[in-house]
Amino acid sequence: MARTRDAEQAGEARRARILAVAMKLFAENGYRGTSLAAVAEAAGITRSGVLHHFSSKEALLSAVLVERDEQAFDAVEVDQEYEGPAALRAFEIVDRLVERNSGNREFTRLSHLALFGSADAPELAQDWSNERLRTYRDNLARVFEESVAAGEVRADIDAEAIALLIVGAVTGLTELWLRDDSLDMVAAVRTLTGALRRDLVPDRG
């Protein structure tokens, strides 16, 4: 039994190492510029070793994109204390996500791999990107709708429009920053969320 557990832990560690290496290579070189052989070499294993955990390069990219999102949200939500209305917590999470992304250009570039239907990205990545943005927008809209119902924000807001505004602003600013990292996208996003905070949350005196 001990040997079985050791083998499982070794397999999990190898899979995690493959994902970490692939995330870096995909971000640096794009999908087409990254081969399974290159991933294997960087991870210190054979190509067949990579295929043992991931059946194809597309399957590896899919796993990397999922891992990318899990890391991003874990970083801003785990062990973080948020106070006040849910809408304000949502703004704080948006601010933290953008701030974290600004500290890791490769990590952020990966999430934009298929954002605009890049010829470098397979259909799988484009589908992931579309679903990710749709889910992000829907989740934000739901938070604002629930905040209206709880009387935490103005009752006359358009929750879906605000969610679209935030997602669109973050997406566009990130794309501009990836083209020119001298731009301060963190300050820009904080300016937007700050204005929304002041506009949406009633003065509680």
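The legends below describe close-up views of a predicted model.

**View A. Helix 5 and helix 7 cross in a roughly antiparallel arrangement.** The axes of helix 5 and helix 7 come within 8 Å and cross at roughly 150 degrees; the two helices are therefore roughly antiparallel to each other. From helix 5, the residues Ala86, Ala87, Ala90, Phe91, Val94 and Leu97 meet Tyr136, Leu140, Val143, Phe144 and Ser147 of helix 7. The residues of this contact comprise 10 nonpolar, one polar and no charged.

**View B. Phe91 and Phe144 form a tilted aromatic pair.** The ring centres of Phe91 and Phe144 are 5.5 Å apart and the ring planes stand at 45 degrees, so the pair is classed as tilted. Because Phe91 belongs to helix 5 (residues 86-102) and Phe144 to helix 7 (residues 123-149), the pair ties together parts that are 53 residues apart in sequence. Both Phe91 and Phe144 are buried.

**View C. Phe26 and Tyr31 form a stacked aromatic pair, with Lys57 over the face of Tyr31.** The structure holds two aromatic pairs. In the pair of Phe26 and Tyr31, the rings are 5.9 Å apart centre to centre, with 20 degrees between the planes. Phe26 is buried, having a relative accessible area of 0%, and Tyr31 also counts as buried, at 8% relative accessibility. Lys57 lies over the face of Tyr31, at 4.2 Å from the ring centre.

**View D. Arg105 lies over the face of Trp177.** Arg105 is placed at 5.0 Å from the ring centre of Trp177.

Key. Residues numbered from 1 in each chain as written. Predicted model: local features only at pLDDT ≥ 70, side-chain atom pairs only at ≥ 80, totals over all residues. Heavy atoms only, no water. Phe/Tyr/Trp six-rings, centres within 6.5 Å; stacked < 30°, edge-to-face > 60°. Buried < 20%, exposed > 50% of the residue type's maximum accessible area, 1.4 Å probe, protein only. Helix = DSSP H or I, 4+ residues; strand = E, 2+ residues; numbered from the N terminus. Lys NZ or Arg CZ within 6 Å of the ring centre and 35° of its normal. Axes fitted to C-alpha atoms, helices over the stretch in contact; angles between N-to-C directions. Parallel < 35°, antiparallel > 145°, perpendicular 65-115°, else oblique. Contact = heavy atoms within 4.5 Å. Nonpolar A, V, L, I, M, F, W, Y, C, P; charged D, E, K, R; others polar.
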